[in-house]
Amino acid sequence: MAAPSLIAVFCLLIALMSPFIDASQSADEARFQSLKNSSMANRLNDHHSESKHEHAVDDPEAVASMVDTIIRNATERRKLGFFSCGTGNPIDDCWRCDRNWQRHRKRLANCAIGFGRNAVGGRDGRYYVVSDPGDDDPVNPRPGTLRHAVIQDQPLWIVFKRDMVITLKQELIMNSFKTIDARGANVHIANGACITVQFVTNIIIHGLHIHDCKPTGNAMVRSSPSHYGWRTMADGDGISIFGSSHIWIDHNSLSNCADGLIDAVIGSTAITISNNYFTHHNEVMLLGHSDSYTRDKAMQVTIAYNHFGEGLIQRMPRCRHGYFHVVNNDYTHWEMYAIGGSAAPTINSQGNRYLAPTNRFAKEVTKRVETADGVWKHWNWRTEGDLMLNGAYFIASGRVSSASYARASSLAAKSSSLVGTLTSNAGVLSCRTGMQC
């Protein structure tokens with residue numbers, strides 16, 4: 001009876017207390033104080049003036065190699081029986097075997113890999129329990145609502161008291177050091193505005209159904225306790241990442257939005273997009289603002305263990321300028337192409353499974369967008385250990401054969417054959433108290 005009573009006490013505390021719940025860790029206010037009360041215009045000017053992003057990695061190849069090592073180690077431990085519930089997916093095996101995951105929620109913050117591996121979200125703050133699905137006033141949100149939670153200045157780990165559908169009147173503008181953790185509840189952000197991550201840092205978004213997002217704007221919206229301002233029209237992205245860093249988007253299900261499902265632009269970097277399930281959408285993912293916006297050369301994104309599923313057409317992702325590690329994803333549907341780009345991005349495709357459509361004119365995985373052959377042949381696009389099915393093919397370019405890009409062939413072959421297992425739980429998980437997630 002001891003374990004159930006502890007859980008009951010925990011649930012009772014959530015019900016009786018305010019949305020804020022003290023955690024054992026203390027918040028390190030100094031590290032985000034500089035973000036407070038600074039205007040968006042000033043931050044944009046800062047982004048243009050910097051020659052190199054402070055969160056960019058000097059050697060992105062080293063991060064790609066680090067991901068390889070983690071995958072190999074997790075897979076070998078699984079073969080040796082170290083994880084009774086393990087899949088070989090190093091993110092999931094980091095936390096999902098714990099039956100008491102609900103009491104150890106913040107351990108999730110230690111499980112990211114790739115370029116977004118240092119995103120801590122609200123790990124060092126208190127819990128905030130969302131109990132109210134309403135969004136009646138985007139300028140003065142009620143306590144207990146998701147909007148009231150995400151605009152706070154302090155780090156917060158945001159959880160949900162029950163299942164809910166949240167229809168946002170305007171963009172949900174997040175403040176720094178926040179985790180949205182929907183495990184244990186069925187939470188939909190749907191049929192209205194969706195999520196904007198703008199000029200902030202350290203964001204984790206986990207376990208949301210995000211769909212049917214609409215263009216909104218030309219309205220006042222609050223972005224912090226001390227600031228609200230006029231928002232022009234938003235495109236209707238599921239998640240829009242704008243000038244932000246240390247972002248981890250994990251185990252969400254996204255579909256059918258007015259523009260992109262996930263877009264990252266204007267110098268955003270240090271991003272991992274993992275374990276998500278994408279369906280029923282045209283332009284899935286845009287990474288890079290424009291061909292002329294050269295500051296996106298600092299952009300570094302890891303795309304891992306995602307399932308690109310039914311009803312998708314293109315942009316999985318569509319890249320500009322930066323460095324993109326596409327690893328262990330399952331591509332089961334596209335109508336035009338899977339991975340595209342312009343403005344000389346570096347694309348490292350490794351251990352993915354590409355299942356081409358029946359249309360014989362759409363078998364190519366890759367697309368160089370509006371660029372002459374003589375130009376794109378110098379871009380570094382490579383495929384290593386990818387599994388090509390139903391006539392799929394990847395046109396590589398640049399330094400594909402260089403020894404500096406070498407990977408262990410055994411890892412590549414192993415990872416592509418395990419893609420079905422690694423991505424079998426992509427999207428929102430069914431997590432219940434006292435059970436493995």
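What is the handedness of the disulfide of Cys94 and Cys111? The torsion about its S-S bond is about -70°, so this disulfide is left-handed. This is a predicted model, in which local features need pLDDT of at least 70 and side-chain atom pairs count only at pLDDT 80 or more, while totals for chains, interfaces and linings use all residues. Residues are numbered from 1 along each chain as its sequence is written, and side-chain values use heavy atoms, with hydrogens and water left out.

**View 1. The disulfide of Cys94 and Cys111.** The S to S distance is 2.1 Å, a disulfide being a pair of cysteine sulfur atoms within 2.5 Å. Cys94 is partly exposed at 39% relative accessible area, whereas Cys111 is buried at 3% (buried, under 20%; exposed, over 50%; partly exposed, in between; 1.4 Å probe, protein chains only).

**View 2. The disulfide of Cys194 and Cys213.** The sulfur atoms lie 1.9 Å apart, and the link is left-handed, with -80° about the S-S bond. Cys194 is buried at 5% relative accessibility, and Cys213 is buried at 2%.

**View 3. The disulfide of Cys431 and Cys437.** Here the S to S distance is 1.4 Å. The torsion about the S-S bond is about 95°, so the disulfide is right-handed. Both Cys431 and Cys437 are buried. Cys257, by contrast, is in no disulfide; its nearest cysteine sulfur, that of Cys213, is 3.2 Å away.

**View 4. Cys257 and Cys319.** Cys257 is buried, with a relative accessible area of 9%. For Cys319, also buried, the value is 0%.
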